[in-house]
Structures are given as structure tokens and as C-alpha cells.
Amino acid sequence: MALPLVLALLSGCDPHDATVSGKYAMYFAARTSSNIDRVQRTYDPVDCEYEQTDPLAKEIDDEQVFEDECWKQKIEAEKVFQDDYGLKGFDCRTFGDAPYNGNSIRIRDAMTPGWESQYEDFCCAEANDDDPNNDPDGDILTANDCTVRKARYMSWLDDKAFYLSTGEVQSWREEALLTSEGDLQLTIHTTTPFGDVRFGWVIKPKFQPTECVDVDGVATERPTFDDDNWIDGWSNTYEEDDGYTVYLLNAGATQVNPNNNGDYWYLDRTWLAGASFSRFGDEDAYMYTTDYADWNDVATVPFWVGRNDEGNVVSGYPLDESGQYRELNCGEGGDGCSQVIDYADFVDVLKDNFNYGGVDRDEVRVEPADNEFQDYGMLPQDEFPFATRIEDNSWRTTAAGDGTTAEGMDGWSSVSPNYVRFKASRDEIDALEVGALDSPLEGDFQLLFYSSDSSGSVWAFTGSFSIDKIGEDVWGPDAELNDIKEAENETPACGE
């Protein structure tokens with residue numbers, strides 16, 4: 001007679017609070033990922049020896065290195081491994097420079113077996129341009145006919161050898177709850193060939209940054225920067241967001257002082273609307289955070305522009321020519337490429353570079369950074385749709401004379417790969433309570449992570465959800481703890 005109670009208890013420990021559909025894409029670092037190392041250890045090593053093993057030998061037969069019978073055996077074993085786990089391998093490192101220096105033995109020992117036959121076709125810019133007269137010669141060791149293709153935003157794609165694993169999110173556990181801090185959290189568990197994966201997001205439904213300031217001698221709580229509609233601003237950036245409420249997951253974001261690139265400004269915790277989290281097999285993750293700066297090989301350039309009282313750009317990105325995202329589609333709408341005219345023009349520069357692509361001042365077609373998984377990572381957009389979001393702060397009011405002041409959010413933009421969209425109004429999200437919902441809370445998400453174990457692995461999720469009920473956080477701190485501690489310490493509230 002106790003069986004129904006046992007089943008009820010078990011069902012409580014395995015919640016199904018939502019329906020989730022989506023896709024995952026995992027770039028395992030081939031040599032450092034613990035997931036790859038774990039499964040490769042289950043295979044018997046190829047029992048053979050190379051004819052040439054010393055990279056410091058006075059004479060190396062370069063042609064023989066990749067024709068070695070042992071290398072051919074390793075290629076066959078590698079194909080079995082990749083087929084067993086549904087992997088795609090690729091490696092676009094620059095082998096002509098240190099530490100390989102074009103040494104065929106060092107390259108062979110570092111490269112995934114079999115990829116040498118595809119290296120030039122995939123990794124060389126010359127094999128992917130429109131000039132038939134500069135095609136690579138098919139010899140990976142001939143560096144002078146191969147300019148390695150480099151992504152601008154996903155710049156890590158040519159840092160290591162990777163295995164790409166993709167699949168459908170087929171969740172077996174979905175837990176939605178209101179945390180003890182009042183945040184809405186959705187955690188999803190799914191399975192992959194490498195084991196269980198969990199991921200999720202958390203947002204502040206009542207996100208509204210405030211500050212305590214002196215107003216005529218009275219401590220007064222008011223919206224930070226006198227701006228009270230951050231979420232509305234995020235939700236009105238793209239036409240396709242009509243009917244959605246958008247939360248950017250901006251935990252961990254930093255700005256860079258435009259006057260001192262070594263000075264990092266961490267966003268105040270009250271400015272953070274949400275975060276995401278994941279563990280993929282054996283690897284924990286950090287969220288790939290919002291970028292308020294262009295990180296490139298030349299300089300660190302803040303995504304910020306200073307403006308005069310007429311709204312004209314007088315300083316900042318990309319006037320100093322060190323930024324890698326140049327103005328595209330020159331002349332459209334009457335603006336040229338000589339200068340970013342105003343803040344709206346600046347946001348359009350970022351949207352064109354990240355979301356739409358276009359033609360630069362030299363009439364060269366520039367593909368959007370959103371396509372870099374497809375163009376450099378063997379992951380087509382139709383298999384895994386990916387799109388960053390550009391933050392548009394044009395709705396903010398800039399006081400006269402403050403347009404060249406970088407502290408705050410005025411004049412800033414950002415690039416965010418992590419966000420959640422709800423098919424609900426802000427008021428409906430604010431009113432959420434624990435229990436079964438009268439109607440499902442629907443929406444979609446995109447999440448991007450990198451390995452917290454410094455393996456170099458990167459993974460992403462995209463999909464949709466429909467939340468039917470919301471649980472209560474019974475493990476978090478007492479909701480009244482802050483009130484108790486403030487009373488114990490006689491902490492004054494704003495206005496006291």
C-alpha cells in the first residue's frame with residue numbers, strides 16, 4: 001500500500017515542469033578535453049611505430065611522414081572513433097609558425113590523423129576565394145600558398161584541433177523554480193554520446209536597477225541613471241522581437257575604460273539581469289559573457305562612442321581605425337564610410353557586422369560574424385541557427401554635456417550570445433508565482449559556454465521552452481535573512 005507514496009516521492013525528485021526542444025553543438029578540444037580523453041581510453045591504442053620520429057633529425061623525408069604505414073593505421077582508427085561518436089574533426093592552426101615551424105614530424109604528432117588531406121581546402125583563404133589562380137598546391141607543408149582563415153568573433157576556432165559533436169536536446173528532466181532571491185530558473189538535463197548534460201538559465205523577473213542618491217539633501221532611491229526601462233530597451237532592438245520580452249544574460253560583463261584599456265569596469269551586480277550555466281559530461285562551464293569591447297590582435301577597443309550635444313560622434317569606436325568591425329553598406333541612407341555619424345549609425349555598424357553582413361568600402365563582401373560557426377567551424381546555420389544580439393541604448397536620455405562621459409551605459413553597445421525571450425509581457429513575468437500556471441510560459445533561448453577547466457572546449461544550446469509549473473526553491477537561504485541581518489546591523493535603508 002506504500003507504493004503510490006513512493007512513486008509520488010520519486011516523481012517529486014524528477015520534475016518535468018516544462019517542455020523543451022532544441023539543439024546542442026559541442027566543440028571538444030581534441031587534446032585537452034576530459035570528455036574526449038575518457039572515451040578514447042576505451043579504445044586499444046594503435047600498436048605501430050613511425051619510421052621517422054625525431055623532429056631534430058638533420059634530414060627528414062617530408063613526403064614519407066604522411067605516407068607512413070603507421071600513420072595510415074592511425075587514420076583508420078581515427079575514422080572508427082569519429083564514426084562511433086558522430087564527430088567531425090578539424091584543425092586550422094598555423095603550422096608554419098612556432099612551435100611547429102613547418103616541421104613535418106611535429107605537425108604529424110600534433111594533428112588529428114586524416115585531417116592533413118583536408119587542411120588546405122578548408123583552412124586556406126586561397127582555397128575559399130574567387131581567384132582560381134592562387135589555389136593551394138595540396139601540400140600542407142608548403143606554407144607560402146596558405147593564409148589561414150581567421151574568424152573575427154569566434155577567434156578561438158583556429159587555436160586548437162577540435163571535434164564537433166551535435167545533436168537534438170531530448171530532455172529527461174526539466175526543473176523550473178523561483179529561487180529564494182525571486183529569480184526564475186530553468187534547468188534542463190539531456191543525454192549525449194558523452195553522457196548526461198545539464199544546462200539552464202536564470203533571470204530576474206523584476207529586474208530594475210536602482211541607486212540611492214542625494215536629492216536636495218535627502219537620500220532617495222531612483223532608477224539607475226534615471227533610466228527605468230532596461231528590459232523594454234532590450235525588447236525593442238529587433239523587429240522580430242515584437243510580442244516578446246527579452247532578457248540579456250549579462251552576468252560577468254565588463255566595460256573597458258576608453259581612456260585606459262588596462263582599466264576594466266565590472267558591471268555592478270544590480271545591473272545584471274541573468275546568467276546561464278552548464279556541465280557537459282566531464283567538463284564544467286563558464287558563460288561566454290556579453291562583450292562591451294572588440295577584442296582583436298591590434299587593440300582592445302570599447303564598443304562606445306562619445307557624442308556632442310547635437311548627437312554627432314566625436315570620439316570612440318571606430319574612429320581610431322583599430323577596430324576590426326568597419327562600416328558596411330556605405331552610402332545606404334546617405335551615410336558614407338568616412339565616419340560613424342551618430343549613435344544609431346554606430347549600432348548599425350555592429351548589426352551589419354554581426355547579424356547581416358554587407359559590402360565594405362572596397363566593395364568586398366563581408367559575411368556576418370553570426371555565420372562563423374558555419375564558415376569556420378563546420379556547423380551550418382540551417383543545422384544550428386546562431387545569432388548574436390546587439391544592445392541598442394538609444395532609448396536612454398543623455399544629459400547635455402555628458403555625451404563624452406563613458407561612465408554608465410550612454411553611448412555603449414554590446415554583443416551578446418546569451419539571451420532568453422518570453423512570449424509574455426513584463427507584467428506577466430513579474431507576476432509569476434510558485435505552482436501550476438494558468439497558461440504555459442513560452443519562449444526561446446540561446447546559450448554559449450566555454451570550459452571552466454581551461455581545456456579550450458566551447459559549447460552552445462539553442463531552443464524553445466514551454467513552462468507549465470514552477471517549483472519553490474527549498475535549498476536557498478531564508479528569504480527573510482537579509483531583513484534579519486540588516487536589522488541586526490542597524491543598516492539604514494535609503495531615505496533614512
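Thr 254 is buried, with a relative accessible area of 13%; buried denotes under 20% relative accessible area, exposed over 50%, and partly exposed the range in between (1.4 Å probe, protein chains only). The model is predicted: local features need pLDDT of at least 70, side-chain atom pairs count only at pLDDT 80 or more, and totals for chains, interfaces and linings use all residues. Residues are numbered from 1 along each chain as its sequence is written, and side-chain values use heavy atoms, with hydrogens and water left out.

Thr 254 belongs to strand 10 (residues 254–256), where strands (E, at least two residues) are DSSP runs numbered from the N terminus. Beyond its neighbours within four places in sequence, Thr 254 has contacts (heavy atoms within 4.5 Å) with Tyr 264, Trp 265, Tyr 266, Leu 267 and Tyr 292.

Strand 3 takes part in two antiparallel pairings, listed below. Two strands pair if DSSP finds at least two bridges between them.

| Strand | Partner | Bridges | Facing residues |
|---|---|---|---|
| Strand 1 (residues 18–29) | Strand 3 (residues 161–169) | eight bridges | Tyr 27 and Leu 164 |
| Strand 2 (residues 87–91) | Strand 3 | five bridges | Phe 90 and Phe 162 |

A nonpolar core is a set of buried Ala, Val, Leu, Ile, Met, Phe, Trp, Tyr and Cys residues joined through side-chain atoms within 4.5 Å. The largest such core has 62 residues, and those touching the most other members are Leu 184, Trp 201, Phe 422, Phe 445, Phe 461, Phe 465 and Ile 467. A second, separate core of 56 residues includes Phe 162, Leu 164, Tyr 343 and Ile 390.

Notes:
Helix = DSSP H or I, 4+ residues; strand = E, 2+ residues; numbered from the N terminus.
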